[in-house]
Amino acid sequence: MNSTVSAKNGATRAGATDRMLYSAATLSFLAEAIHLWVTPEHYLQWLGYGIFFLVVAALQGILGAALLFRPWRWVFVVGILGNLAVVALWVYTRAAAVPLGPMAGEAEAVGALDVVCTSVEVALVVLLMTLCWRFPKPPLAFVDHGEPSP
């Protein structure tokens with residue numbers, strides 16, 4: 001294989017990775033916007049709910065910025081785990097019950113905006129998993145043990 005073909009394929013792969021990074025950041029910002037949109041409503045229900053939604057929104061905004069400016073593998077992993085936790089909590093509060101606050105013990109109704117936000121978060125997790133797989137792994141660091149080289 002000659003270097004021209006290899007360079008062309010590498011550029012295409014890099015372009016696809018960039019598009020996935022931008023898409024993942026957009027999804028994270030969209031989830032952030034939805035959580036910010038519903039924060040006042042949840043704040044009126046209970047301070048704890050409002051704080052939870054505000055913190056989730058802030059973390060999703062930070063994730064979006066990190067995907068644009070510091071797209072490291074650990075950022076992908078943290079984004080995957082954080083968004084999976086939010087999705088799992090959403091499923092639990094709809095299927096079983098809200099764990100804390102004035103609605104504790106009651107299952108919350110499924111709303112259209114809930115489904116949209118959860119779908120965005122699931123799509124974000126899929127993209128982050130793909131990025132984790134495609135993103136180049138950092139090279140192994142050379143460890144100098146102080147031995148002279150021949």
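Reader: How do α2 and α3 run, roughly parallel or roughly antiparallel to each other?

Author: Roughly antiparallel, a label for angles over 145 degrees between N-to-C directions. Helix α2 (residues 47-69) and helix α3 (residues 73-95) pack at about 150°, with axes 11 Å apart. One caveat: this is a predicted model, where local features need pLDDT of at least 70, side-chain atom pairs count only at pLDDT 80 or more, and totals for chains, interfaces and linings use all residues. Numbering starts from 1 along each chain as its sequence is written, and side-chain values use heavy atoms, leaving out hydrogens and water.

Reader: OK, which residues in α2 meet α3?

Author: Phe 52, Val 56, Gln 60, Leu 63, Ala 66 and Leu 67. Their partners in α3 include Phe 76, Gly 79 and Leu 89, with contact meaning heavy atoms within 4.5 Å. By class, that contact has nine nonpolar, three polar and no charged residues.

Reader: Switching to rings: how many aromatic pairs?

Author: Three, counting ring centres within 6.5 Å (six-membered ring for Trp). Phe 52 and Phe 53 sit 5.6 Å apart by ring centres with planes at 85°, so that pair is edge-to-face (over 60 degrees).

Note on methods
Axes are lines fitted to C-alpha atoms, for helices over the stretch in contact, and angles run from 0 to 180 degrees between N-to-C directions. Helices (H or I, at least four residues) and strands (E, at least two) are DSSP runs, numbered from the N terminus. Angles under 35 degrees count as roughly parallel, over 145 as roughly antiparallel, 65 to 115 as roughly perpendicular and the rest as oblique. Ala, Val, Leu, Ile, Met, Phe, Trp, Tyr, Cys and Pro count as nonpolar, Asp, Glu, Lys and Arg as charged, and the others, Gly among them, as polar. Rings of Phe, Tyr and Trp (its six-membered ring) pair if their centres lie within 6.5 Å; planes under 30 degrees apart count as stacked, over 60 as edge-to-face and the rest as tilted.
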